[in-house]
Amino acid sequence: MNANSNVGQVELGKYLVQIREGAGIKQAELARMITWSPAVLSRVESGDRPLALEELQAILTTIGSPDAARLQVALQREWSVVPRPSLDHPDQDILWNAEQVAKKLVALREQPDVRNAFERRLAEYVKEIQNTADMLIKRDHQVAFIGSIGIGKSTAICRLAKLEVEGQDGAPNVPVLEAGAGGITICEVHLRTGPSYGLMIEPCGDDEIRADVTDFAEYLLKKDGGNANEQEVGGDSQGISKEIERAVRNMSGLKIRREKTGDGKMARRDDAKILAEQQGSVRELVVEILARMELHKRDRRDIWYDSSCGKSHLNWLKDIFEEVNNGRHPEFTLPRRIEVVVPTPLLGTSEFSVRIIDTKGIDRTAARADLEVHLDEPHTIAVLCSGFNNAPAAETRLLLERSIEAGVRTLGSHSSLLILPRTSEALAVKDESGIRVETVDEGYELKGEQVEMSLQPLGLNEYAVCFFNSHQDDPSLLRKFLIERVMAVRQTFRNRLEQITQNARSLLLNYEQEQVQEVIRHSATMFQSWIKQNSELRRLKGSVHVQDSLMGQLDKAYASTIRATIRREGEWSNLSYSYHLGYGARRVAVRSLRKSVEGFTELCKTMVGNPEFVDAIDLINQAERVLLTSYEDLLRKVQLMGQTSFRDELKLDSNFWAKCESEWGQGSGYRDRVTDHHTDWFVAEQRQQLDDELQQLMQREWADVLNKLSSLFDTE
């Protein structure tokens, strides 16, 4: 007979191993103590043999540790409303308290004499408990490092995660992730814990690769269309990033060679340009390059360490990463994402699992979908990286400002600033008297005060900041900082669940007390009055538009970036129309509703501080949570409409894309002409219908938010 039908044998066996090892007891020793053969106990711990209840009790009693006692308690719990957490979950007791309250709420809700408004309050509490419990139960977190190219993100990550190989002849250790002065990593890189050392990739699609090769071919044939004066030097200016160019060259064998001439001098020979001169058109050159890349042979998606390779695991991982990242491995295609797998916890803790993300460095603009998504993820810590002298960097400020404009409310708990000083920068800091600091820590302290002052206008008081010199500082300090940031996020989940649970208990206790019900009716009347006063959206006077974010990026982008994006009909990693239109729509909604939402929050704070409403605190807190959660759902729905409706309309307008495409080759002013086409498109009369539909959606969704709020109140 199984010890607990809700617990799998493998999970139970695995946790028994943890408890036994935590108590310092060897398997053979425990088997002898309970008079079992070691083979039987081994089968139990591997999950191959089910346990009878009395057998499990005997094992746990024999171990006799606090963990064994906690497991005995955990196995007796029957979960029906909240999903059952794993046996080793550190928040078992908090979740069990929530489960018990949720059961009482469900039982009361099912009674036939419960009034409708009260039934809706009960149902809302159950939903809140379930949703918040889900957040706490999940122990998989991400730490995303975001910053400019060449700032030192990859080096810091490798130092943090102990992914370094020894330098030769006394040289400093070398990061496993290829690092340099920027423009090294071809795509976003994820580090995670797994069974062994290995590499996995998510490949680019054939259309993506074809578009990249077309950009490269146009660059080789100098098809800048007379826009050379707008082609800014470096990075993205050729319409293809140098990381992609490097990989395409390696995959196709079109390398730049340096050879000695007859007079002994070094000459540069570019195989790609020689091939371009032999082709009659961009299309022919694209076909030739794609043929040389032999994409049909590049179908491998993962590779794992084998000791027979003759290298240490980290040296092998470093070499294979460089091969894949640079397009030198014959079995791998261009990656959209690379996963580096290691068999050890990345932050040295087993309480939760962590995936570290090394994002692509910021080159020209930080307003990118792949970066900003990490600032609005409930289980992600966004680590905004900055150099020392300019901290907080302009890119960091821009990301924070845009998140605030988009209504993100978790920046204080879910993001932080990592300042990466170079050697001697901290010692160059001067105090108010103009005197240099004497120690690195003193330099860090003074710079930290400056950073705190610069972030105060954004409302980010006591923002989490860490300094880390990858070449001198102890990496355990950075690990400790990141663990604390993850724990801070998890604490927000705990606090929220405990508050909901506590409020729900008050609701249950006060259900039949008429005096309490009178106070609740009084507070409900105030809420209903606020709802009537705030039922209409605040009308914006033409100062904020859905297209603002997109138009801003067009103004900043390289001409060749705009050209490459137009070829892809607005969807490229460097410039995504759908993302910026979605962000713009969300920004419009925030501008329209922020004052109302902030006003409601202030009303709730005022009422909580008033002794007259002490018996209605659970209702006040619930009302505030319902409004804020519904408001966030509204913002996401509006963002989705911006991404789809406006983007779909653009995609269908072939005439618009043709006009933009035709501007390439018409001389200087390319960016201005294309921008004018975009302006004309968005202000056209038929586009006003999209604006009207967006306004209607916001009004409809806001009405739903207020109806949901109103349904909690019984003012009869």
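Tutor: A residue is called buried under 20% relative accessible area, exposed over 50%, and partly exposed in between (1.4 Å probe, protein chains only). By that rule, 51% of the 716 residues of the protein are buried. This is a predicted model, in which local features need pLDDT of at least 70 and side-chain atom pairs count only at pLDDT 80 or more, while totals for chains, interfaces and linings use all residues. Residues are numbered from 1 along each chain as its sequence is written, and side-chain values use heavy atoms, leaving out hydrogens and water.

For orientation, the protein has 26 helices and 15 strands (DSSP runs numbered from the N terminus: H or I of at least four residues for helices, E of at least two for strands). Its C-alpha atoms fill a box of roughly 95 × 75 × 65 Å along the principal axes.

Now to your salt bridges. The whole structure holds 52 of them, each being a side-chain nitrogen of Lys or Arg within 4 Å of a carboxyl oxygen of Asp or Glu. One pairs D93 with R77, at 3.0 Å from N to O. D93 sits in helix α6 (residues 92–109) and R77 in the loop between α5 (66–75) and α6, so 16 residues separate these distant parts of the chain. Here R77 is buried, at 10% relative accessible area, whereas D93 is partly exposed, at 48%.

R586 meets D376 in a salt bridge, with their closest N and O atoms 3.4 Å apart. Because R586 belongs to helix α22 (residues 577–608) and D376 to the loop between α14 (369–372) and β11, this pair ties together parts that are 210 residues apart in sequence. R586 is buried, with a relative accessible area of 4%, while D376 is partly exposed, with 24%. R636 forms a salt bridge with D376 as well, the closest N and O atoms being 3.8 Å apart. That pair links helix α23 (residues 617–652), which holds R636, with the loop of D376, 260 residues away. R636 is partly exposed, at 39% relative accessible area.

Two other features round out the picture. A cis peptide bond, with omega about -10°, joins A391 to P392. It is worth a glance because most peptide bonds are trans.

As for cysteines, the count of disulfides is 0, where a disulfide is a pair of cysteine sulfur atoms within 2.5 Å. Take C204: the closest cysteine sulfur, in C187, is 7.3 Å from its own, which is too far for a bond. C204 is buried, at 13% relative accessibility, and C660 is buried too, at 0%.
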